[in-house]
Amino acid sequence: MVEPDTAADSRAEARTFQVVRVVEGSPAHRAGLAPEDVIVRIGGEPASSLTEFRIRLGRLIRRGRPEMQVVRGDTTLVVILPRQ
């Protein structure tokens, strides 16, 4: 489980989401997400709100391939959450 915290992106319509906590043993933990990671895209698209982010994540989980683009420091990563 990840608790995102929204922060404005350089584009007014898009948002990034900072990971503030990762529960040990969760899909996010097993995928390698860490506190202070910044999620910039989910399923290849930016999200405009936390609600949209959660809806998109739920759809991707049901399809079996929740993929996120994550910035960690100066590095951009692609993280794929494992199935529950």
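The secondary structure of the protein comprises two helices and five strands, where helices (H or I, at least four residues) and strands (E, at least two) are DSSP runs numbered from the N terminus. Along the sequence these elements follow the pattern β-β-α-β-α-β-β. This is a predicted model, in which local features need pLDDT of at least 70 and side-chain atom pairs count only at pLDDT 80 or more, whereas totals for chains, interfaces and linings use all residues. Residues are numbered from 1 along each chain as its sequence is written, and side-chain values use heavy atoms, with hydrogens and water left out.

**Whole protein**
- Of the 84 residues of the protein, 27% count as buried, that is, under 20% relative accessible area with a 1.4 Å probe, protein chains only.
- Among contacts (heavy atoms within 4.5 Å) between residues at least 6 apart in sequence, 43% join residues at least 24 apart.

- Not counting residues up to four places away in sequence, I42 touches F53, R56, L57, L60, E67 and M68.

**R56**
- R56 lies in helix α2 and is buried, because its relative accessible area is 18%.
- Leaving aside neighbours within four places in sequence, R56 is in contact with I42, E45, P46 and A47.

Definitions and conventions:
Buried means under 20% relative accessible area, exposed over 50%, partly exposed in between (1.4 Å probe, protein chains only).
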